[in-house]
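Try each task before you read its solution.

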Amino acid sequence: MRAIVVGTGAGGTTVARELATRGFKVVILEAGKEFKPFRRLLSLAAPLRKTGILGNEKIISRIFPSMNTIRSNDLVLLRGMTIGGSTTLSCGNIARAEHGLKKIGLDLTPEFEELEKNINIKDFPRKRWRPITNKMFEVAEGLGLKPKSTYKAIDPDKCVSCGLCELGCATGAKWDFRRFLDDAIREGALLYTSSPVKKVITENGKIKGVIVKRGFKSKTLKADVVVLAAGGIGTAQILRASGLPVEDNLWVDIVLTLGGVLRGAEQLKEPPMLWYTEDDGYILSPYIDILSHWFHKPWRNVSLKDRVGIMVKLADTEDGTVFAHGKVEKTIKDEDRLRLDKALESARKIMESAGVSGPYIKGMYNGGHLGGTVPLKAEDLDSMKPSWLPNGLWVADLSLAPRSQGMPTMLLAAALALRVSKKIVNCKL
């Protein structure tokens, strides 16, 4: 049985690994290239930051093509465009995000448990937290916010506490889903990079293959099964370009960081997001927003060693649109701005009580964890695919999750993909 898997993030690698293990002849197509952590140019560019000469966030994609940015109104969307997808750019957080799943009757507990056994998950030793991070944790406890240590896929013995997990781990301390890709290749799967899929090919309601761009030419690849796992934007873009429907239900987890000042805090000298608190659709977590540090004018006058931040990660309103050419229309709704302001007020109280000084300044509005464009409904669960998808065509990424999470989503994407994999295998037995 020939299978094409599109994308090498958490969803794509999970599917490729499962199908290759079960005897499928798997071809994996990745639009990006090999991932390399971004380090060298960071120090070279530091003197330019205060001048503003670096411009805006668009420069990131040019000097670090693994991180793709899309601006829609005042929201900057981030995604990985590389082998390993966004998992290479994650903070290494592992959590069971399940918002909206119970409502449609989807229980992914078996998949979460199976995946967690494959990932070396642990707390990061508290003795290596920065003093300000410990202090803010204690303050959050005192305020009754019930902070919890974040489970990490980070090996403390290899971690050098550079704080730059989102730019790739240079020491190999952070686990990401390239490990699953390696497993798939060992089982015989073939990987082609720089191979963006333009369309899927269907005939009489059945999948026949894909059209992929290789260099300056387009090529047709045939398959019995095609699995789209290119993320909330990439998967929707391919479906739209193929003349198939997509829902205008794009969601993102909005990240907004409140920055304060504490001389010599050196908050970056630890992995980001070592603890978190949960509230109504959002979390608070200690975090230095690298994007705001480099490109947000109001943050320019504070050095990295003196900057302290707490992020709000908010589950937004699901109403974004992805077009066939890749453009995205996404706005921050007024009700979401009010919830963000409420969360920022809690962040300010924590920092203030922990000795962090003002001015307290908002960072850039940015969004990750993109999904929701092919949302599952209760009637789809037996097959784990919307009924309108042609036979043999599957989706296996966050596009399937109907609701925004406001939580780390790497495990959710893989759990959805694992459940989809099982359905594909059962269908072909």
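**Exercise 1. Find the surroundings of Ser161 in this predicted model, and decide whether the residue is buried or exposed.**

Solution. Start with contacts, setting aside neighbours within four places in sequence: Ser161 touches Phe124, Arg128, Leu268, Lys269, Glu270 and Pro271. Next, look at the side chains, where Ser161 makes a polar contact with Arg128 at 3.1 Å. Then place the residue in the fold: Ser161 sits in the loop between β5 (148-149) and α7 (178-186). Finally, check the accessible area. Ser161 has a relative accessible area of 13%, and because the cut-off for buried is under 20%, the residue counts as buried.

**Exercise 2. Describe helix α6: what is its span, and which of its residues are buried?**

Solution. Begin with the length: α6 covers residues 131-142, 12 residues in total. From first C-alpha to last it reaches 17 Å, close to the 16 Å expected at 1.5 Å a residue. Now list the buried positions, which are Ile132, Thr133, Asn134, Met136, Phe137, Val139 and Ala140. To read such a list, recall that an α-helix has 3.6 residues a turn, so residues three or four places apart point the same way. Then ask what the buried residues pack against: the partners are β5, β12, β13, β14 (307-315) and α10. Last, step past the end of the helix, where Gly144 follows with a positive phi near 75°.

**Exercise 3. Characterise the second largest pocket: its volume, its lining and the classes of its residues.**

Solution. The volume comes to about 270 Å³. There are 21 lining residues, with His99, Asp280, Gly281, Ala315 and Gln405 nearest the centre. Elements giving two or more residues to this lining are β12 (275-279), β13 (282-286) and α10 (334-353). To finish, count by class: five nonpolar, six polar and 10 charged.

Notes. Residues numbered from 1 in each chain as written. Predicted model: local features only at pLDDT ≥ 70, side-chain atom pairs only at ≥ 80, totals over all residues. Heavy atoms only, no water. 1 Å grid on protein atoms, 1.4 Å probe; cavity = no way out; pocket = protein on both sides within 12 Å on 5 of 7 lines; lining within 4 Å. Points joined across faces, edges and corners; volume = space filled by probe spheres on them. Helix = DSSP H or I, 4+ residues; strand = E, 2+ residues; numbered from the N terminus. Nonpolar A, V, L, I, M, F, W, Y, C, P; charged D, E, K, R; others polar. Buried < 20%, exposed > 50% of the residue type's maximum accessible area, 1.4 Å probe, protein only. Polar contact = N/O pair within 3.5 Å; in protein donor to acceptor, adjacent residues only side chain to side chain. Contact = heavy atoms within 4.5 Å. Expected span 1.5 Å × (residues − 1).
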